[in-house]
Amino acid sequence: MRFEPAGDPGVPDDRSAARYLVWLAGRQPLLFFAAIGLGVVWMVAQALMPATVGRAVDAGLTHRDQGALVTWGLALLGLGVLQAGAGVLRHRCALHNWLGGAYRTVQVTVGAANRLGAALSRRVAGGEVVSIGTADIGQIGHAIDITARGTGSLVAIATVAVILLSASVPLGLVVVLGVPLLMAVVGLLIRPLHHRQQAYRDSEGELTARAGDIVSGLRVVRGVGGEPVLSARYRARSQELRADGLRVARVESLLEATQILLPGAFLVLVTWLGARFALRGEITAGQLVAFYGYTAFLVSPLRNLTEAVDRLTRGHVAARRVVRLLRLTPELVDPARPAALPAGPGELVDAESGLVVPAGRLTALVAAAPEDAAAIADRLGRYVDADVTLHGVPLREVALAAVRERILVADNDAHLFTGPLRAELDPHDAADPATILAALDAASATDIVDALPDGLDGRVAERGREFSGGQQQRLRLARALVADPETLVLVEPTSAVDAHTEARIAARLGPARRGRTTLVCTTSPLVLGRAEHVVFVADGKVMAEGPHEELLRTEPRYAATVSRGES
């Protein structure tokens, strides 16, 4: 089930982050409540041990009753076994809850990224998504995990308070009033910690995005001599992040010190009071031992409570980042009643530019401004809302899944992912070996596969970094040809290859796509000479169309664009 926050999808708020954490806990209710129940048993068993020791002292040692001593000793042993068993099972359930909360967050984040599609990069920085998958999932998992120990600690403190009140009202009141006071002091540190963690998390996401941009463009940066400048900027920004981290650490160090100091002071106070009451004969020696045991024991639940506040705060900050991503809505949505497209290739028409792509033919698009070609490709693939028709049916009336199945836009921003090359070329594992080899031949990429030790079974490194720019471009073209869509839109598919390779691709592309609709956005004379039909676009509008040679003679701006000259 997908988490669907209510309200305005563009404005995240604190309540939605809390709801997200509750939603995560509710995905595995049996394990979640089992961990809480076991946490209560685990802590209460520990809370009853001092009382058992006190009874053993009073009934066994003071009165020299061996039977009572054995009885209370066995009771203490039973509590120890119960505490150990419940602790082991609680930890296992809590670990399942941690993993469930963390990796279900990964699932919903990936689902949101898929839902946003091409709009993701325009709406969210890449570093933000990476930070969710690396840093935030851990904080969210801890927030789900700590609920078991936190609840058990609250019940244990209440149990101790009842026991102390029944034995000594003043000591019981010290516990009843002292614990809220300790938590109030901790709460004074939580609010500034919350704000500083939020600022640190924002800075971390920005720096991660900047690092990704630098790595992806490192070759270009080095080519223009910009590496020292970017390095200096990154170093300065990382120092700002370091300063943010130190500000968080200062508050965290105070919180950690408080977790030690205040429970310790509480322990000293209760022990001192208990000793005075014992000397005055108001409590027995066994009760004094029990009171000391209680105060020593209370250090653990009090630390658990302060840790719970800390982790819930961190989890809340992380959940707000996740909810902010989940609240983003796609720019394009399916119509209420999707229209059906006729079978087979059809004429593709872009009303804004006046472009008509004939069905079943290889058409080339030459744009005086490269951004015009990219904009037309986006409209034809319905990556933006536009008046585009296929078979005369407006694409905005067709389900997005059907559009993606019928029309494939392949540009140079597409990535090569890590994994076997065969799976990279055929992600759906639907093509036979002959189809893959034919696509590689059409893309003039067989030499790339032959050079790999394991051929098609060789592994592609991250973003295909072991391949040159031209090799990556040819592999992307081969992947598009393996998909064999009904309509294929290629944006500058040969811009990074040499002239000989470009000539081979131009000669083989038409036969490889025979009977299918293909639009190639290019200014390469080698590709244009092989196209069945050429369309020239200037200022976003179709200005001329016809064979390549005819346009060279009759359209000066076309000739200037193709020859990279000036009209």
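Tutor: A definition to begin with: a salt bridge is a side-chain nitrogen of Lys or Arg within 4 Å of a carboxyl oxygen of Asp or Glu. This is a predicted model, where local features need pLDDT of at least 70 and side-chain atom pairs count only at pLDDT 80 or more, while totals for chains, interfaces and linings use all residues. Residues are numbered from 1 along each chain as its sequence is written, and side-chain values use heavy atoms, with hydrogens and water left out.

Student: How many salt bridges does the structure hold?

Tutor: There are 17 salt bridges. One of them pairs Asp350 with Arg379, at 2.9 Å from N to O.

Student: Where do Asp350 and Arg379 sit?

Tutor: In distant parts of the chain, 29 residues apart: Asp350 belongs to strand 1 (residues 348–350) and Arg379 to helix 10 (residues 370–380). Helices (H or I, at least four residues) and strands (E, at least two) are DSSP runs, numbered from the N terminus.

Student: Are Asp350 and Arg379 buried or exposed?

Tutor: Both Asp350 and Arg379 are buried. Buried means under 20% relative accessible area, exposed means over 50%, and partly exposed is in between (1.4 Å probe, protein chains only).

Student: What about Glu532, which residue does its side chain meet?

Tutor: The Glu532 side chain forms a salt bridge with Arg361, at 3.9 Å from N to O. That pair also links distant parts of the chain, 171 residues apart: Glu532 is in the loop between helix 17 (525–530) and strand 11 (533–538), and Arg361 is in the loop between strand 2 (355–357) and strand 3 (362–367).

Student: Why does Glu532 count as partly exposed?

Tutor: Because its relative accessibility is 46%. Arg361 is partly exposed too, with a relative accessible area of 32%.

Student: And Asp385, what does it pair with?

Tutor: Asp385 meets Arg396 in a salt bridge of 3.2 Å, N to O. Asp385 lies in the loop between helix 10 and strand 4 (388–390), and Arg396, eleven residues apart from it, in the loop between strand 5 (393–394) and helix 11 (400–406). Asp385 is partly exposed at 47% relative accessible area, and Arg396 is partly exposed at 32%.

Student: Which residues do shared partners join into one network?

Tutor: Asp145, Arg149, Glu307 and Arg311.

Student: Why is Cys521 counted as buried?

Tutor: Because Cys521 has 1% relative accessibility. Cys93 is buried as well, at a relative accessible area of 12%.
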